[in-house]
Amino acid sequence: LSEKLQATLDDVRQRGTLTESDVNAAMREIRLALLEADVNFKVVKSFTNTVKERCLGADVLGQLNPGQQVVGIVHEELVSLLGGESIELEFSPRPPTVILMSGLQGSGKTTAVAKLAKHLKEEKGSSVALAACDVQRPAAVEQLRLVGEQAGATVYDRGTELPAVDVARWALDQAKQDGKDVLIVDTAGRLHVDAELMAELVAIRDAVRPQTVLLTVDAMTGQDAVNVAEQFSAAAGFDGVVMSKLDGDARGGAALSVKAVTGKPILFASTGEKLGDFQVFHPDRMAQRILGMGDVLSLVESAQRQFDEKDAKDLERKFRRNEFTLEDFLKQMKMIRRMGPLSKVLGMLPGVGAQLDGANIDDREMDRVEAIILSMTVKERRSPELIKGSRRLRIAKGSGTSVQQVNQLVKNFQQMRKVMKQMTKGGMRDMAGLMGQ
Ligand code: GDP
Ligand code: MG
């Protein structure tokens, strides 16, 4: 998903102005990219419609940085599609809180049970017990014992001697007796959803009355994951999803569709074979990952905070008329610096983040640039072509730099001004490039 979508968004982002047909073309690409990522087609359709309406409605067209705003809207809508805010597990006022784990065979249930136990132990300080209710195979019980121990949880198991429902009931009694905060019930899965599996799950659910029923969904199965979720939803019901194996596949189509199709949020992300590879699911981080870009939202937000619209318009006019001076530049630079350290600001620019890896971005460089400009007279700042000979020496002395460095700055500035005049788009990046020299 990422590459294709990123190419599309990069293209949109580069545009100085956008027309409705640009927006349409971008939506077409986004639609294709999402379908290719195995996102449910109904979800894709409503998603692109919403984004398009917002783009056209938000008066994005003809504005200074319409492309960036479109990208911001795509990101926001992705986050909302993924569930908006992170959601917390509910705890019972009368412990133990019971969590029932359901899912197909191999989806990662048992692994998720142990990971969740470790997570609750570490994050909430809960005492956690696990109930071994996958009694289909002795190996399943053995597996839970092993990972449960690694997670520091007590495992209640009766081997495979009792029916799953009885084990569940017994384990709940044990947990009460032992004063456990949380009991997580591991269950059997099948390769496909069938009546027997659902009957067993419903029986266990009714026996232990869980606070939360979780469904583990294998992210690598794409569209199939959505079908499975729908079937579980209809037959036994669930409250939230553990999206497993998110490390395996970058497509993320399953994650995108599950919330939209079932209405149930993704609570946790399972991202590897180790017990620590488990996180609270953050829709905004997932959206970023899907978009394969830097933290666009933060950038748009801090940019919006720093530049008010009038400033932006003034700036654009100055660029166009070649009236942009070192004084303006200083002002802009200060504004950008208020957004954070340069490496962080640049890192937030889409497509720049990766290129910055290992690059040596030095904020002291910016201090120097600032010092040089501050050592100039207002007249010099407005007409940098005046800066020659003795003026140059004075500025270098005043700013504690060398004549070469002053020269370089003036040259870069004039170069930038030329480029800016031609295209106001991507202005900030060019300016940042100059500052980094
Ligand atoms: P269950 O049958 O639903 O209980 O599934 P298991 O928990 O036994 O997991 C099935 C396989 O998937 C095991 O080999 C796990 O190690 C693997 N697995 C589970 N979760 C993840 C994950 O998040 N990432 C990766 N790479 N493998 C996982
Ligand atoms: Mg299992």
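## Basis and overall composition

The model described here is predicted. Its protein chain contains 21 helices and eight strands. Of the 437 residues in the protein chain, 41% are buried.

The eight strands form an open, mixed sheet in the order β3-β2-β4-β1-β5-β6-β7-β8. Strands β3 (154–156) and β8 (278–280) stand at the edges with a single partner strand each, so one side of each has no neighbour in the sheet. From one strand to the next, the twist averages 25 degrees.

Strands of a sheet pair through backbone hydrogen bonds, in either a parallel or an antiparallel sense. Strand β1 (residues 97–102) pairs in the parallel sense with β4 (residues 182–187) over five bridges, and four bridges join β1 to β5, again with the two strands running parallel. Met101 stands opposite Asp186 in β4 and opposite Leu214 in β5. Leu100 stands opposite Val185 in β4.

## Burial of strand β1

In a regular strand the side chains alternate between the two faces of the sheet. In β1 both faces are covered: Thr97, Ile99 and Met101 are buried on one side, and Val98, Leu100 and Ser102 are buried on the other. Six of the six residues of β1 are buried, so this strand is largely enclosed by the rest of the structure.

Helix α7 (residues 164–177) lies across β1, β2 (128–133), β3 and β4, and runs at about 165 degrees to β2. Helix α8 (residues 195–208) also packs on the sheet, where it touches β1, β2, β4 and β5 (212–218). The direction of α8 makes about 175 degrees with that of β1.

Helix α3 (residues 41–57) has 17 residues, and 24 Å separate its first C-alpha from its last, close to the 24 Å expected at 1.5 Å a residue. Its buried residues are Val43, Val44, Phe47, Thr48, Val51 and Cys55. Viewed down the axis of α3, these buried residues fall within an arc of 120 degrees, so they line one face of the helix. Lys42, Asn49, Glu53 and Gly57 are exposed on the other side of α3.

Helix α5 (residues 109–124) has 16 residues that should span 22 Å at 1.5 Å a residue, and its end C-alpha atoms are 21 Å apart, which agrees. This helix is mostly covered, with 12 of its 16 residues buried. The buried residues of α5 include Lys109, Thr110, Thr111, Lys115, Lys118 and His119. Gly125, which follows α5, has a positive phi near 65 degrees.

## Backbone exceptions

Most residues other than glycine have a negative phi, and most peptide bonds are trans. The peptide bond from Pro95 to Pro96 is cis, with omega near 5 degrees. Pro96 lies in the loop between α4 and β1.

Arg209 has a phi of about 40 degrees and lies in the loop between α8 and β5. With 10 other C-beta atoms within 10 Å, Arg209 is exposed. Lys245 has a phi of about 60 degrees and lies in the loop between β6 (240–244) and α10 (253–262). Lys245 counts as buried because it has 24 C-beta neighbours inside 10 Å.

## Glu76 and the annotated segment

Glu76 is found in helix α4 (residues 66–81). It is partly exposed, with 19 other C-beta atoms within 10 Å. Glu76 and Gln288 are 212 residues apart in sequence, yet their C-alpha atoms are 10.0 Å apart in space.

An unreviewed UniProt entry places the feature "domain: SRP54-type proteins GTP-binding" at residues 265–278. In the model, this span is 0% helix and 43% strand, and its end C-alpha atoms lie 16 Å apart.

Notes: Residues are numbered from 1 along each chain as its sequence is written. Chains are lettered from A and ligands numbered from 1 in the order in which they are written. This is a predicted model: local features need pLDDT of at least 70, side-chain atom pairs count only at pLDDT 80 or more; totals for chains, interfaces and linings use all residues. Two strands pair if DSSP finds at least two bridges between them. Axes are lines fitted to C-alpha atoms, for helices over the stretch in contact, and angles run from 0 to 180 degrees between N-to-C directions. Two residues are in contact if their C-beta atoms, placed from the backbone, lie within 7 Å. The expected span of a helix is 1.5 Å times one less than its number of residues. A residue is buried if 20 or more other C-beta atoms lie within 10 Å of its own, exposed if 12 or fewer, and partly exposed in between; C-beta atoms are placed from the backbone. The arc is that of the directions from the helix axis to the C-beta atoms. UniProt positions are given in the numbering used here, feature names are shortened, and annotations may be inferred rather than shown by experiment.
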